[in-house]
Amino acid sequence: MNVRDSEHMIAELKSKENYELTQDISDADLILINTCSVREKPVHKLFSEVGAFEKVKKKGAKIGVCGCTASHLGGEIFKKAPYVDFVLGARNISKISTAVNTPKFVSTDINYDESDYAFGEFRGSPFKSYINISIGCDKKCTYCIVPHTRGDEISIPLNLILNEAKKAIDSGAKEIFLLGQNVNNYGKRFSSSHEKIDFSDLLVKLSEINGLERIRFTSPHPLHMDDKFLEVFSQNDKICKSMHMPLQSGNTKVLKEMKRGYTKEWFLDRALKLRSLCPDVSISTDIIVAFPGESDEEFMDTMDVIEKVRFEQIFSFKYSPRPMTKAAEFTNQVPEDIASKRLTFLQSRHTEILDEIVAAQKDKIFDVYFEELRANGGVAGRSFNNFLVQVNGSEELLGKTLKVRVDNPKRMVLYGNLI
């Protein structure tokens with residue numbers, strides 16, 4: 001999402017303010033820091049980064065702080081870093097032109113409606129296109145700051161999504177990547193009158209675009225994974241067979257305290273149904289260990305889900321109290337040493353599972369869409385089910401989908417040869 005927000009700001013600045021990108025910070029007239037505030041560490045990093053930029057920027061260059069941390073700190077950023085020129089919240093990026101031209105500009109309205117704003121064209125990669133299908137979040141997860149930085153959920157009109165996808169395909173991209181806090185809640189609310197549509201219908205409509213080969217998306221919410229969604233996902237041959245299913249916890253009591261809206265049993269039912277409908281699917285997840293009050297037994301419920309689902313990828317973190325969230329007020333915070341032990345235990349076990357999954361990929365043949373040059377003559381891309389695959393080659397492979405046999409599978413990359 002932050003990548004796409006950055007692309008939108010770049011498009012606005014290129015088309016309306018005549019800016020061009022530079023890789024040399026000492027040459028920059030404008031430095032933008034697009035921030036995240038989901039965890040505490042990136043917020044601290046912001047101010048050290050801003051301080052470093054202030055020391056090396058040329059005279060007269062402006063610094064803008066954008067994104068989620070901008071949304072929740074607002075004008076407080078000027079107090080900590082007075083050399084910042086403007087602050088632009090995550091729901092206000094269409095105002096970037098005004099921001100760069102207005103001293104000490106601050107705009108952090110989390111319910112500012114950009115859902116029908118047609119941003120200019122800019123993509124960081126010519127091979128795929130990130131497309132927002134909704135903004136904001138209506139969930140009230142007790143650990144999560146996002147609703148307080150990105151506001152209420154609003155779906156983006158279908159015609160804007162289809163037009164953006166068609167433009168990307170016409171310019172050479174073969175893959176689109178749909179973005180939203182809860183993509184499979186698409187269609188619940190629009191800013192103006194709109195035909196009835198849900199996420200499954202949207203996927204079908206996008207798959208009908210000529211020239212489009214691959215559709216990816218993140219993140220769906222387990223609560224909204226109904227049978228229709230799972231069947232469209234498994235049966236449509238343009239939808240890439242990788243699913244991100246944020247578990248957060250495998251214990252039903254903890255899930256209730258998190259206000260996730262589903263149980264351990266529901267999550268397992270959806271994940272295992274997905275495995276049965278789509279045997280080649282790869283499933284990734286997010287997990288928070290040591291949520292306030294989590295006991296050893298409740299943590300082991302999370303491990304039980306890991307054993308049953310055998311996720312191909314896990315993004316795991318210790319619970320991090322965030323401002324404006326209910327869980328930050330809970331008095332039963334788990335001690336840091338216990339949290340660290342649980343995280344280490346989880347990550348160690350998942351490494352063992354991952355090694356088994358990776359070893360099983362040897363000699364398999366994948367259709368790989370190449371999009372990245374790597375060091376030492378390597379070219380990499382993603383398989384249909386999201387494994388990163390690398391072969392020896394050159395830029396002539398970029399933008400092509402080719403068959404690769406894996407002969408040297410590693411945890412992060414499957415190495416192979418074209419066939």
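Arg 342 has a relative accessibility of 7% and therefore counts as buried, the cut-off for that class being under 20%. The values reported here come from a predicted model. In the chain, Arg 342 belongs to helix α13, which covers residues 336-359. The side chain of Arg 342 forms a polar contact with the side chain of Glu 294, at 2.8 Å. Glu 294 is also one of the residues touched by Arg 342 when those up to four places away in sequence are set aside. Besides Glu 294, that set comprises Val 289, Ala 290, Ser 295, Asp 296, Phe 299 and Val 334.

Helix α12 spans residues 296-309, and its axis comes within 10 Å of the axis of helix α11, residues 264-277. The two axes cross at roughly 10°, and α11 is therefore roughly parallel to α12, since angles under 35 degrees fall in that class. On the α11 side, the residues in contact are Lys 264, Phe 267, Leu 268, Ala 271, Leu 272 and Arg 275. Their counterparts in α12 are Asp 301, Asp 304, Val 305, Lys 308 and Val 309. Sorted by class, this contact between α11 and α12 contains six nonpolar and five charged residues, with no polar residues.

For the N-terminal part of the chain, an unreviewed UniProt entry places the feature "domain: MTTase N-terminal" at residues 1-105. In the model, this span is 46% helix and 16% strand.

Key. Residues are numbered from 1 along each chain as its sequence is written. This is a predicted model: local features need pLDDT of at least 70, side-chain atom pairs count only at pLDDT 80 or more; totals for chains, interfaces and linings use all residues. Side-chain values use heavy atoms; hydrogens and water are left out. UniProt positions are given in the numbering used here, feature names are shortened, and annotations may be inferred rather than shown by experiment. Helices (H or I, at least four residues) and strands (E, at least two) are DSSP runs, numbered from the N terminus. Buried means under 20% relative accessible area, exposed over 50%, partly exposed in between (1.4 Å probe, protein chains only). A polar contact is a pair of N or O atoms within 3.5 Å; within protein, one must be able to donate a hydrogen and the other to accept it, and residues adjacent in sequence count only if both atoms are side-chain atoms. Contact means heavy atoms within 4.5 Å. Axes are lines fitted to C-alpha atoms, for helices over the stretch in contact, and angles run from 0 to 180 degrees between N-to-C directions. Angles under 35 degrees count as roughly parallel, over 145 as roughly antiparallel, 65 to 115 as roughly perpendicular and the rest as oblique. Ala, Val, Leu, Ile, Met, Phe, Trp, Tyr, Cys and Pro count as nonpolar, Asp, Glu, Lys and Arg as charged, and the others, Gly among them, as polar.
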